[in-house]
Amino acid sequence: MSSSTSLMTETPAPPRSHAAPALPRLLTGIPAHGAMALDEHLAVHGTLRAIGDRPARRRGRRGESPLIERIERSGLRGRGGAGFPTATKLRAVAGSRGRAVAVINAAEGEPASLKDRTLTQMLPHLVLDGGQFAAEAVGADELIVCVCESASASIESVATAIDERRGLAGAPARMNVTAVPNHYVAGQESALVSHLNGGPATPSFTPPMPFEQGVRRRPTLISNAETFAHIALIARHGSRWFRELGTPSQPGSALLTLSGPVAHPGVYEIEYGASLSSLIDAAGGTTAPLRAALLGGYAGTWIGGEYLRGLALSDEHLTPHGASLGAGVVALLGEDACPVAEVARVARWLAGQSTRQCGPCVNGLDALASTLEEIAAGVAQANATQRIVRLGSLVRRRGACGHPDGAVNFIASALETFAADFSDHARHGRCDACMGPAELPLPVSASNAREPWGSTPLP
Amino acid sequence: MSHRLRVNPIACEAHGMCAELLPERITLDEWGYPMIDGEPLAPSLLDHARRAAQACPTFALLVERERGRG
């Protein structure tokens, strides 16, 4: 039995015994193109009455609701990368004074991730259901969906879906979609709050916690789009159902974005703990021998090819490798690609994604990218790798947000995994593979915009 | 009650006053930005630290008081 389900496959899933936990969950009935309309969505997943039989509004202790209890029992954690327990976040917002705002974060600045734009484009009602349930549980009358401005199809889908839902029982009084600048850190919580409050989409230094004071100084629930999609299904099917998939410490299913030398790169739903090879099989197999895999995106960690056979996709299995799934990125690198050239190219892009607020990030990431480019070209000084280690220690924990730390993590892990390639390049310069097409995904020409983090809300 | 140094990296513009006034605890990186560790301040340095914080042209150096363990 395959433990992953393709977004792209046209053949129906093989029949399963009813005892076997079923995938897909989130991607059930996903249309071949376009968005799933409200009536289709309700036909697939059922109506929103599920927790209406125990009205969430009638909560006892402040901050408690049947849905929050159910989410706590499910063990759901945020899917934006940080993995914070969702019930704890919901409870904090519900317990704060004043009417709350709920924000669905589909900014997805990570270029190696496509899951949030895919969800909002094709299954907007699943995400909005989760938003509606969560809004009710925390006492929010406003639901804002933040989508990356470059994902125009997703913005359009969400806007259409919101129109379809007006007048739907239990829908928040106000729902809207907002375009977020196409920038790596624009989806960071404090950057998103700043953007929604009319400021630039840049991180702040010690901002108030959003659950106390976020959008228009109201208690604000911000969670990743996929997290809301899981809430929509937990509300309907319960926590025990949710835990039928995954591992005890990381229950449930997850959306992963798979890129690199496979027949069908794209977004896949797996259960936590599924093997990497089952994911690759679901994507039609590899088209080149694998050199390494990057887990968790451009703030993530490389795992060398020798460890990929038998690798399980859950954080408990990835921790011994120093890795985690983060926001669900699995970027494969084939033997035909040059890791040094790829890492230098991504490092230069990461340096360009600094919002230029903090000196160590501005200077350090630029110096790191330059040193990597010199190594790739074979013109670096003899101690270039020590210089990278030194620069890494100068950058770590010295920014207002996690961007510099993530970039240093990505570079340090590459240096370790591809040590022989780096020393080879440092001595002999470019290799044959350097000239090949780039394999790690980066946005096309996005980094050329002068201040891409500027404020550009939709009218 | 102990005190710790903290830098607001967004406000900091690398004037370097802090390293002049508190060399015991602050050095500058190769671009002129202050490097601090998270260790508590010795009581004997507290006045110097406060003076350094007041001298910062962008008020980016913070002397933070913390309760508990310290």
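Guide: Helix 3 covers residues 86-94 of chain A, and the two pack at an angle of about 50 degrees with their axes 8 Å apart (axes are lines fitted to C-alpha atoms over the stretch in contact, and angles run from 0 to 180 degrees between N-to-C directions). On the side of helix 3 of chain A, the contact is made by Leu90(A), Val93(A) and Ala94(A); helix 5 of chain A contributes Ala134(A), Ala137(A) and Val138(A). Contact here means C-beta atoms, placed from the backbone, within 7 Å.

This is a predicted model, in which local features need pLDDT of at least 70 and side-chain atom pairs pLDDT 80 or more, while totals for chains, interfaces and linings use all residues. Residues are numbered from 1 along each chain as its sequence is written, with chains lettered from A and ligands numbered from 1 in the order in which they are written.

Helices (H or I, at least four residues) and strands (E, at least two) are DSSP runs numbered from the N terminus. Helix 5 of chain A is mostly covered, for 15 of its 15 residues are buried. A residue is buried with 20 or more other C-beta atoms within 10 Å of its own, exposed with 12 or fewer, and partly exposed in between. Directly after helix 5 of chain A comes Gly139(A), with a positive phi near 75 degrees.

Positive phi values also occur away from glycine. Glu108(A), which is not a glycine, has a phi of about 40 degrees. Its place is the loop between strand 2 (100-106) and helix 4 (115-122) of chain A, and Glu108(A) is buried, because 30 other C-beta atoms lie within 10 Å. Arg216(A), again a residue other than glycine, has a positive phi near 45 degrees. It belongs to the loop between helix 7 and strand 5 of chain A; with 12 other C-beta atoms within 10 Å, Arg216(A) is exposed.

Thr202(A) sits in the loop between helix 7 (189-196) and strand 5 (220-224) of chain A. Thr202(A) has 24 other C-beta atoms within 10 Å and is therefore buried. The C-alpha atom of Thr202(A) is 4.3 Å from that of Ala191(A), although the two are eleven residues apart along the chain.

Thr287(A) is found between helix 10 (276-282) and strand 8 (290-295) of chain A. Its count of 14 other C-beta atoms within 10 Å makes Thr287(A) partly exposed. Thr287(A) and Pro261(A) are 26 residues apart in sequence, yet their C-alpha atoms are 5.1 Å apart. Leaving aside residues up to four places away in sequence, Thr287(A) touches Pro261(A), Val262(A) and Ala263(A).

Pro24(A) lies in the loop between strand 1 (4-6) and helix 1 (38-45) of chain A.

Seen as a whole, chain A has 16 helices and ten strands. Of its 459 residues, 55% are buried. When contacts in chain A between residues at least 6 apart in sequence are considered, 73% join residues at least 24 apart.

Chain B has two helices and four strands, arranged along the sequence in the pattern β-α-β-β-α-β. Its C-alpha trace spans about 35 × 20 × 20 Å along the principal axes. Buried residues account for 26% of the 70 residues in chain B. For contacts in chain B between residues at least 6 apart in sequence, the share joining residues at least 24 apart is 63%.

The two chains meet where ten residues of chain A are in contact with eight residues of chain B. On the side of chain A that touches chain B, helix 13 (residues 359-377) of chain A gives the most, with three residues.
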